[in-house]
Amino acid sequence: MHVEKTMTTISVASAFRFVDLFAGLGGFHSALAELGGSCVFASEWVSTLQDLYERNYGLRPHGDITSIRAELIPDHDFLTAGFPCQPFSKAGDQLGFEHTEQGRLFFNVLEILQAKRPRNFILENVPNLLKHDEGRSFARMKRELEGLGYTIRAERLSPHQFGVPQIRERLYIVGSLESMNTFTWPDPTGAPTHISTVLDANPLEARAIPDLLLRCLEMWDDFLTSSPASIELPSFPLWSMEWGADYPYETTTALEMLAVGGPEALYPYKGSFGVSFDGMTESEILKNLPSHAKRPGVDYPRWKKTFLRQNREFYANNESWIGPWLPRAKEFPSSLQKFEWNAKGEERTVWKYVLQQRASGIRLKRVHSAPTLVAMTATQVPIIAWEQRFMTQRECARLQSLGAIELPSQIGAAYKALGNAVNAHVVELIARSLLGSNGARAAQILAA
């Protein structure tokens with residue numbers, strides 16, 4: 001049974017005004033209002049989320065931030081912004097500032113900071129921002145912010161470090177016009193978490209696992225229970241379509257071989273599940289080539305070569321018990337032919353864990369926490385395997401510390417908004433420390 005957070009406003013500073021940019025479900029609003037803040041402006045370009053924000057918080061967000069003149073935004077003390085992460089995410093094309101629609105929205109935030117000079121700000125994005133373009137993107141952001149007179153700190157934090165059972169590492173960038181000598185990042189509690197703290201008992205609105213996915217999970221459960229106890233199951237992604245394949249991958253790609261030598265170049269080799277290419281046409285070869293091997297060019301990335309090598313070695317060492325099981329995997333789509341075992345040392349079954357269906361495969365995790373909520377489709381919602389159901393929207397809202405707000409009525413829209421949301425509890429802890437450090441600085445000035 002879930003445990004609701006006690007809603008108690010604690011005054012850590014005198015009343016302050018804040019703005020909530022790229023507001024979404026209002027995770028920043030919820031956090032700062034909890035600390036006594038008053039929202040004077042919000043922006044959100046999705047009209048249905050504007051309606052919902054107004055119902056939840058009594059303030060209607062403005063629309064596209066690029067169409068709002070910075071000087072017309074009300075004066076405020078605290079700026080918050082979870083600017084779009086897609087341009088910097090490892091899951092996307094990583095176009096960064098070159099992304100035509102979203103990559104330059106950071107500079108709209110910068111214009112507001114320059115025009116209104118709020119004392120504090122918190123920005124949130126994906127951790128990959130630190131590494132994007134070999135660190136140059138973050139270095140530029142930091143340089144631009146410091147050029148406005150802000151002292152900057154950045155840290156990667158996840159809700160599971162603070163008692164919320166979701167692993168969702170995000171980069172938080174805080175800035176202040178005051179000294180930040182007394183600012184400290186919130187200390188992780190170190191207390192164990194468990195997914196049960198956000199679950200309802202047999203919720204009627206929960207979606208059952210569809211038949212195809214259920215049969216896939218039964219197949220992978222048989223794989224786990226068939227594995228000899230003496231064999232250590234690997235933690236790298238298991239790609240069953242690679243078991244029996246032997247097409248070259250270390251120094252060339254299958255598509256490059258086709259382009260240079262035609263189908264005959266691949267006749268000596270085998271594709272998915274060990275199917276021989278001998279005598280096949282080009283279209284037949286492509287049909288029997290794993291999707292991850294259809295990369296144009298002369299080389300596969302290093303990470304892919306590593307996974308290919310690991311999978312082929314694993315199969316070669318365990319063909320005796322995997323072989324009889326393997327034909328069952330052929331009937332499923334590619335994403336269901338992949339599996340990640342992240343419960344080393346635990347009982348080998350799928351039915352006692354938290355699962356997630358991703359494009360990269362079925363991901364299995366221990367019950368201590370849920371995987372990261374993603375803003376994709378409703379099929380990627382965490383699965384409570386022992387109840388053979390997906391988590392409900394309300395349960396997912398608790399993973400974002402937003403259990404008390406109204407959610408979008410449409411299922412897909414609710415899950416998408418939650419996947420895009422910022423965790424309110426983590427933000428509250430950061431903001432409390434930031435406001436507290438400002439208060440300490442003010443006390444020092446008065447004492448002098």
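These questions and answers look at aromatic rings in a predicted model.

Me: How many aromatic pairs does a search of the whole structure find?
Reply: Rings of Phe, Tyr and Trp (its six-membered ring) pair if their centres lie within 6.5 Å; planes under 30 degrees apart count as stacked, over 60 as edge-to-face and the rest as tilted. With that rule, the search gives 20.

Me: Is the pair of Phe16 and Phe18 tilted or edge-to-face?
Reply: The ring centres of Phe16 and Phe18 are 6.3 Å apart. Their planes make an angle of 45°, so the pair is tilted.

Me: Is Phe18 buried or exposed?
Reply: Buried means under 20% relative accessible area, exposed over 50%, partly exposed in between (1.4 Å probe, protein chains only). Phe18 has 0% relative accessibility, so Phe18 is buried.

Me: Which residue sits in an aromatic pair with Phe314?
Reply: Phe314 is buried at 8% relative accessible area. The pair is edge-to-face, with 80° between the planes and 6.5 Å centre to centre, and the partner is Trp321.

Me: Over which ring does the charged end of Arg312 sit?
Reply: A charge sits over a ring if NZ of Lys or CZ of Arg is within 6 Å of the ring centre and within 35 degrees of the ring normal. The charged end of Arg312 is 4.5 Å from the centre of the ring of Tyr247.

Methods: Residues are numbered from 1 along each chain as its sequence is written. This is a predicted model: local features need pLDDT of at least 70, side-chain atom pairs count only at pLDDT 80 or more; totals for chains, interfaces and linings use all residues. Side-chain values use heavy atoms; hydrogens and water are left out.
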